[in-house]
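Take a moment with the sequence and the fold below. We will walk through them strand by strand and loop by loop.

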Amino acid sequence: MSNCLRFPSLGGLALLCAFLGTLCKTGSGQIRYSVPEELEKGSFVGNIAKDLGLEPRELAERGVRVVSRGRTQLFALSPRSGSLVTAGRIDREELCAQSAPCLVKFNILVEDKLKIFEVEIEIKDVNDNAPNFLTEELEVKIGELTVPGTRFPLKTAFDPDVGTNSLQNYRLSPNDYFSLAVNSVSDGAKYPELVLERALDREKKEVHQLVLTASDGGDPVHSGNLRIQVVVLDANDNPPVFTQPEYRVSVWENAQVGTPLLTVNATDPDEGFNAQVSYMLDKMPGKIAQIFDLNSVTGDLSILKGLDYEDATFYELKIEAHDGPGLFSRAKILVTVLDVNDNAPEVTITSVTGSVPEEAAAGREIALINVHDRDSGQNGQVTVFVLGNLPFHLEKSIDQYYRLVTARSLDREQVSEYNISLRATDGGSPSLSTEIHIPLHVTDINDNPPTFPHSFYSAYIPENNPRGASIFSVTAQDPDSDSNARITYALTEDTLEGAPLSSYVSINSNTGVLYALRSFDYEHFRDLQLLVTASDGGNPPLSSNVSLSLFVLDQNDNAPEILYPVLPTDGSTGVELAPRSAEPGYLVTKVVAVDRDSGQNAWLSYRLLKASEPGLFSVGLHTGEVRTARALLDRDALKQSLVVAVQDHGQPPLSATVTLTVAVADSIPEVLADLDSIKTPVDPSDSGLTLYLVVAVAAISCIFLAFVIVLLALRLRRWHKSRLLQASGGVLASVPASHFVGVDGVRAFLQTYSHEVSLTADSRKSHLIFPQPNYADTLISQGSCEKSEPLLVPQDLLETKGDPKLLQQAPPNTDWRFSQAQRPGTSGSQNGDDTGTWPNNQFDTEMLQAMILASASEAADGSSTLGGGAGTMGLSARYGPQFTLQHVPDYRQNVYIPGSNATLTNAAGKRDGKTPAGGNGNKKKSGKKEKK
């Protein structure tokens, strides 16, 4: 026992005990004492000897002793003093606990008297024990949602003392939340209670430290303390709270998927499960949930899908933070998408014109375009311009619209198609650009006339060209297009020798190719001056002209023509005289020939082709002079025949031959006397060949005569039918019967020429049966059909010029002329005049030569062929100085061409006092035919 009572001295204690013992004696024989606890051993309790009436010494003598009943002796007898003393330290709480009063009873035995005395000692409590709690600390758990006023029992303190020394009261350390309430029960026990005065908030204070003090009533007061730890239990009374109600973050639109943007944080002041926070995106319309991802544990916000500033520049995300039981709070995340220059400008053609006329003035609108860039800021600032040096520029319209207009007038001939390139560039870094192309067609206007590459042209065509032959091609260029560039060609009308130019040449109106409508003759004309007009198809049409010189090139188409000697037409033989006394080099005669060609085609050379006496005569190569090569001998024959060939230098060369008869005699009478005696020796081989030729000619003549008879019969029959038609009247009366002649029936006749020459010794009695030839390329006009011509023409009639009706030939109808290529025979390649036709076969040529000889004979006025006066073809003067080619008649005149308007003029005109316009009437091809 603690805090035991101590007495200052034994004397005082004895006095006190005596006093108490006295007080405790009772008359009932029971000895009572009271003694405080916690006395030292041997402390005086009471004077037991006195109370027993014994002397202290008698106690031992009489055998007084303490008799206890199985209990430890608490008291003992002091034999010297006869007092009852404590046998040891007495602890009341141990003896009596909480019982009051605490009485210890035992007996005292007096052996000698065998008397037992009952002794009762009251153990007085001493405040030697402080109130004590069973534990030093007490933990009280109180939910933070506990209602104020709630009481929580506390541990009670225990004080083994009793009475006022026992536990008297409790007190609680000062605090704001709790108070102490002490409940007393009927046995006097006190029970402290903790009273909640105000609501707890664990989030403010989780643990409250209190001290409960228990005090007794002793003096001094003893107390005991109990430390109370009030733990505020968490309640899910707080939702998670974000660190900020609104988060802001900016991100570039090209950020990669998975890029973290920010981390949101929400705190829950609760604890445990109540403080377990999870994050989630609030359900929102659209595709936000597909773009962003919020980690539910860490609160990391990342990109789930690529961003596009052009789709959305700003996102407002609503997020929630949930604790374990389900309380939540909301916050916002404002995501701003930053623009990256990832979009090239967009150029849209709102309106466009596909074509523009070239006469359009500057400012003509071509297209309306809109420029837009989905980027923003500087990235969305777009500039647009025209690429290249083109005659276009852009004009700003409203908003982002631009007008593409022409900067100047266009010229389709320079550029007909434009591919306009526009480039739009933004202001980003690096900048992006877009190009578009606008095709533009420049429509044509007829503003350019056709032009020829050259100011004049020269074309060359060889003569004797076939009809329809292509001569030359002219081409004009018109830089316009379509119908404005469709060029047609034409020849400017003109006349040549009285005939329209269109009868000579024509031009293809589409291709510009010139064609010859006639076979040109270099000897007739040598050049043509043409004016070609090229016109376009515009409205109005434009045209230009160019000069074309057409030159006819000479061809070797004319054989040399023998002008002298001229063969007689009366059957006689022209004879040249060579005296026997002639020395070598004596000029016998001279062969005179001309060639109507020009240049080297007219260069003539002479050679002796055949001679009856070789080596006797020679012919000058370039002069044609026949000279004796040696002196004449007596043995030389009187009659010498020489065949002289005249050849030109054309390619191929053409030639003509003439047979000369040279009489070797000293006088003309000698020659005349000996002519009849001259007999040509007969060669047997020549006679056989002659027989065959005669038979062949006779057979051909019979066949030809039969054909002529049949043809005449057909013509008479048709003529008879035509007269019947005329007699019947009607619309056919004015139509010539010749127009009804079938072409198939007379085609053979139209290609046939009938000639018969009858010559006698007297040239004046010669007759020429010369029907008018019919050509397959000429239809006989009405006048020619009605005109009757004699088939038998006397020689005298040819010399007469009196009756023009007999000599004048009506011109053929040019409207019914066949093409040159359709003409039969060699005449098909000749270009005759519109008013007549040249002879075109061997018979015509021979006939013409006979006429020339007859004319020459008449010019001689009956004189001998060997002699000659002035103006004759005789060579009696032996080529004196007076002989020149001017004495030779003009071979281009004095010839009557059947079918032409030309008149025949011969030596009779000379007798009439008129200058003859004579000449050879043979035209082109005569030399070739004579050669044949």
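What joins their strands? β10 and strand β14, which covers residues 190-196, pair in the antiparallel sense over three bridges. This pair belongs to an open sheet of three strands, in the order β10-β14-β13, with antiparallel pairing. Now look at the edges of that sheet. β10 (151-153) and β13 (178-184) stand there, and each has a single partner strand, so one side of each is left without a neighbour in the sheet. From one strand to the next, the twist averages 35°.

Before going on, note what kind of model this is. It is predicted. How confident is the predictor? The protein averages a pLDDT of 75, and 71% of the residues score at least 70. Keep both stretches in mind as you turn the structure.

Now move along the chain to another open sheet. Three strands form it in the order β35-β40-β39, and the pairing is antiparallel. Which strands stand at its edges? They are β35 (470-473) and β39 (505-507). Each has a single partner strand, so one side of each is left without a neighbour in the sheet. Here the twist averages 25° from one strand to the next. Look at one of the pairings inside. β39 and strand β40, residues 513-516, pair in the antiparallel sense over three bridges. Within this pairing, the bridge partner of Ile507 is Leu514 in β40.

Strand β25 covers residues 328-338, and seven bridges join it to strand β18, residues 246-252. β18 and β25 run parallel. To find this pairing, look for Val251, which stands opposite Val337 in β25. The other pairing has the opposite sense. Strand β24 (residues 314-322) and β25 pair in the antiparallel sense over nine bridges. Here the bridge partner of Ala321 is Ser329 in β25. β24 and β25 form a hairpin with five residues between the strands. In this hairpin, Gly326 takes a positive phi near 125°.

That angle leads us to the backbone. Most residues other than glycine have a negative phi, and most peptide bonds are trans. Which residues here go against the rule on phi? Glu38 is one of them: its phi is positive, about 70°, although it is not a glycine. Find Glu38 in the loop between β1 (30-36) and β2 (44-46). At 0% relative accessibility, Glu38 counts as buried. Asn464 also has a positive phi, near 65°, and is a residue other than glycine. This residue is found in the loop between β34 (456-462) and β35. Is Asn464 buried or exposed? Its relative accessibility is 18%, so Asn464 counts as buried. The cut-off for buried is under 20%.

Turn to the peptide bonds. The bond from Asp219 to Pro220 is cis, with omega near 5°. Pro220 has its place in the loop between β15 (207-216) and β16 (223-233). The bond from Gln651 to Pro652 is cis too, with omega near 0°. Where is Pro652? It sits in the loop between β50 and β51.

Stay in that loop for a moment. Pro653 lies there as well, between β50 (639-647) and β51 (655-664). With a relative accessibility of 33%, Pro653 counts as partly exposed. How far is Pro653 from Leu604? In sequence they are 49 residues apart, and in space 9.9 Å, C-alpha to C-alpha.

End with one more loop residue. Asn129 lies in the loop between β7 (115-124) and β8 (132-133). Its relative accessible area is 13%, so Asn129 is buried. What does its side chain touch? The side chain of Asn129 makes a polar contact with the side chain of Asp128, at 2.7 Å.

Conventions
Residues are numbered from 1 along each chain as its sequence is written. This is a predicted model: local features need pLDDT of at least 70, side-chain atom pairs count only at pLDDT 80 or more; totals for chains, interfaces and linings use all residues. Side-chain values use heavy atoms; hydrogens and water are left out. Helices (H or I, at least four residues) and strands (E, at least two) are DSSP runs, numbered from the N terminus. Buried means under 20% relative accessible area, exposed over 50%, partly exposed in between (1.4 Å probe, protein chains only). A polar contact is a pair of N or O atoms within 3.5 Å; within protein, one must be able to donate a hydrogen and the other to accept it, and residues adjacent in sequence count only if both atoms are side-chain atoms. pLDDT is the predictor's confidence in each residue, from 0 to 100. Two strands pair if DSSP finds at least two bridges between them. Axes are lines fitted to C-alpha atoms, for helices over the stretch in contact, and angles run from 0 to 180 degrees between N-to-C directions.
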